[in-house]
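Subject: Handover of a structure and its findings

Dear colleague,

Please find the structure below, followed by an account of what was found in it. Kindly read the text with the structure open beside you.

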Amino acid sequence: MLSMNLLHNDFPILSRKNREGKSLVYLDNAATTQKPIQVIEAVSNFYKNHNANIHRGIHFLGVEATSIYEDCREKVRRFINAESSDEIIFVRGTSEAVNLVSGTFGEQIGEGDEILITAMEHHSNLVPWQQLAFQKKAKLKVIPLNKKCDLDLNKFKKLLTPKVKLLALCHISNSIGTVNPVKNIVELAHENKTVVLVDGAQAMAHQSVDVQDLDCDFYAFSGHKMFAPTGIGVLYGKRSILKNIPPYHYGGEMIKKVTFNKTSFAELPHKFEAGTPDIGGAVGLAAAIDYINEIGVDKINAHTSELTEKALNELSEVEGIKVVGAPKERAAIVSFIVEGIHPHDMATLLDEDGVAVRAGHHCTMPLMESLGLQGTVRASFSIYNTLNDVNRLVQSVKRAQHKLS
């Protein structure tokens, strides 16, 4: 186990108590992670000492801010092992990253083409492709899951026809925790000349991501799920693709020359970053990457895996509880239902006990419908959670069952 006492102290919010005076057990990390003091102070320091707009300023603050911002981009590049910092585009988060690809590369989708997604996708990686298919008169196809909530790879291979121009899938399911075999899937897709976008929102805080090794064409993730501020995220795209697709937004920063008759656009990555970006957010993201690297991704994964295994084992032994899914590889997410109790009612009682979980469809309504569920209770773990947090969760579930029985 990691030294949890030290890590817990890095997160000021974890010292809070709820309305009933109970100490906080925060198990909603798949929705957003808490922020360590190192990230908070990095953002504060930027605004205290370096705040200025970037790229155009001649004065020393502008030069400093530009250098800081581009250093953050380079730090992201190294973190995911992209070939060039030109392939790193700062966005607001995974949702904007997917919409950027849909609105630019999506122009290459034509009538009769096919777009392939999976049955476990978050709405952010479903609705943009659904709407694009409507607009382009293309066909949206869905890779189903097997009974254990793994992707049915045999059916995937049958669905992967020459008409499939793009495959969009999550690295890790946000509602079940299934870890998809992305590298193998990308290899099969590329044999079919299909472009692949990976939603990595749930992966970045739990495992090493090497985009060159995965060989995906696009990889999207959000800072707020990996200890960084909200409102900052990244789209990685292969340079060979990015240079041949149009800008997404128009405005300052992303231009080379403007006349009343014609505009030429900046080089990568700036042609995709119109307007003043979230410079402080990029600073926070870079600080979060430093924090993750200092601990070590392998140690983080080992720690959250131990917590997940304990939660799975103990919840499975409680009468009336059913854990959803049994995938070959599960990330730090445990979704479950309690017989006779609506997920929202269970989450409300857990909250009264100081245990913060998520309840509902988790922005995966089609998945829940296919599983015959209204929703689930979802506990998701991070580096600052402990074995005692798992005990608190299980005991709180039992107390809630007793209250509602």
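In what follows, Ala, Val, Leu, Ile, Met, Phe, Trp, Tyr, Cys and Pro count as nonpolar, Asp, Glu, Lys and Arg as charged, and the others, Gly among them, as polar. This is a predicted model, in which local features need pLDDT of at least 70 and side-chain atom pairs count only at pLDDT 80 or more, while totals for chains, interfaces and linings use all residues. Residues are numbered from 1 along each chain as its sequence is written, and side-chain values use heavy atoms, with hydrogens and water left out.

Cavities and pocket

Rolling a probe the size of a water molecule over the atoms shows where empty space is left. The search uses a 1 Å grid over the protein atoms alone: a cavity is a set of points where a 1.4 Å probe fits but cannot get out, a pocket is an open set with protein on both sides within 12 Å along at least five of seven lines, and lining residues have an atom within 4 Å of a point. Grid points are joined across faces, edges and corners, and a volume is the space filled by probe spheres set on the points.

Across the whole structure, two cavities of 30 Å³ or more are found. The largest cavity holds about 70 Å³ of space. Its lining has 14 residues, and Asn 29, Ala 30, Gln 202, His 206 and Lys 225 lie nearest its centre. By class, this lining has seven nonpolar, six polar and one charged residues. The second largest cavity has a volume of about 40 Å³ and is lined by Ile 54, His 55, Tyr 69, Glu 253, His 270, Glu 273, Gly 275 and Pro 277. Three of these lining residues are nonpolar, three polar and two charged.

The largest pocket contains about 370 Å³ of space. Of its 26 lining residues, His 122, Ser 124, Asn 174, Lys 225 and Cys 363 are the closest to its centre. Helix H4 (94-104) and strand S14 (358-360) are the elements that give two or more residues to this lining; here helices (H or I, at least four residues) and strands (E, at least two) are DSSP runs, numbered from the N terminus. By class, the lining of the pocket divides into seven nonpolar, 13 polar and six charged residues.

Helix H4 and the cores

Which element gives the largest share of the lining of the largest pocket? The answer is H4, with three residues. Eight of the eleven residues of H4 are buried, so this helix is largely enclosed by the rest of the structure. Buried means under 20% relative accessible area, exposed over 50%, and partly exposed in between (1.4 Å probe, protein chains only). The buried residues of H4 pack against strand S2 (88-91), helix H5 (127-136), strand S6 (195-199), S7 and S8.

In soluble globular proteins, nonpolar side chains tend to be buried together. A nonpolar core is a set of buried Ala, Val, Leu, Ile, Met, Phe, Trp, Tyr and Cys residues joined through side-chain atoms within 4.5 Å. In this model the largest such core has 73 residues, and those with the most contacts inside it include Ile 80, Phe 90, Tyr 219 and Leu 285. Helix H10 (residues 279-295) supplies the largest share of this core, eleven residues. Apart from it lies another core, of 29 residues, among them Val 25, Leu 315, Val 390 and Ala 400.

Individual residues

Thr 178 sits in the loop between strand S5 (164-170) and helix H7 (182-191). Is Thr 178 buried or exposed? Thr 178 is buried, with a relative accessible area of 0%. Its side chain reaches the backbone oxygen of Cys 149 at 2.8 Å, a polar contact (a pair of N or O atoms within 3.5 Å; within protein, one must be able to donate a hydrogen and the other to accept it, and residues adjacent in sequence count only if both atoms are side-chain atoms).

Phe 227 lies in the loop between S7 and S8 and is buried, with a relative accessible area of 0%. Its phi is near 80°, a positive value in a residue other than glycine. Glu 253, in the loop between helix H9 (239-242) and strand S9 (255-258), has a phi near 75°, also a positive value in a residue other than glycine. Finally, a cis peptide bond joins Leu 268 and Pro 269, with omega about -5°.

Yours sincerely

Key:
Contact = heavy atoms within 4.5 Å.
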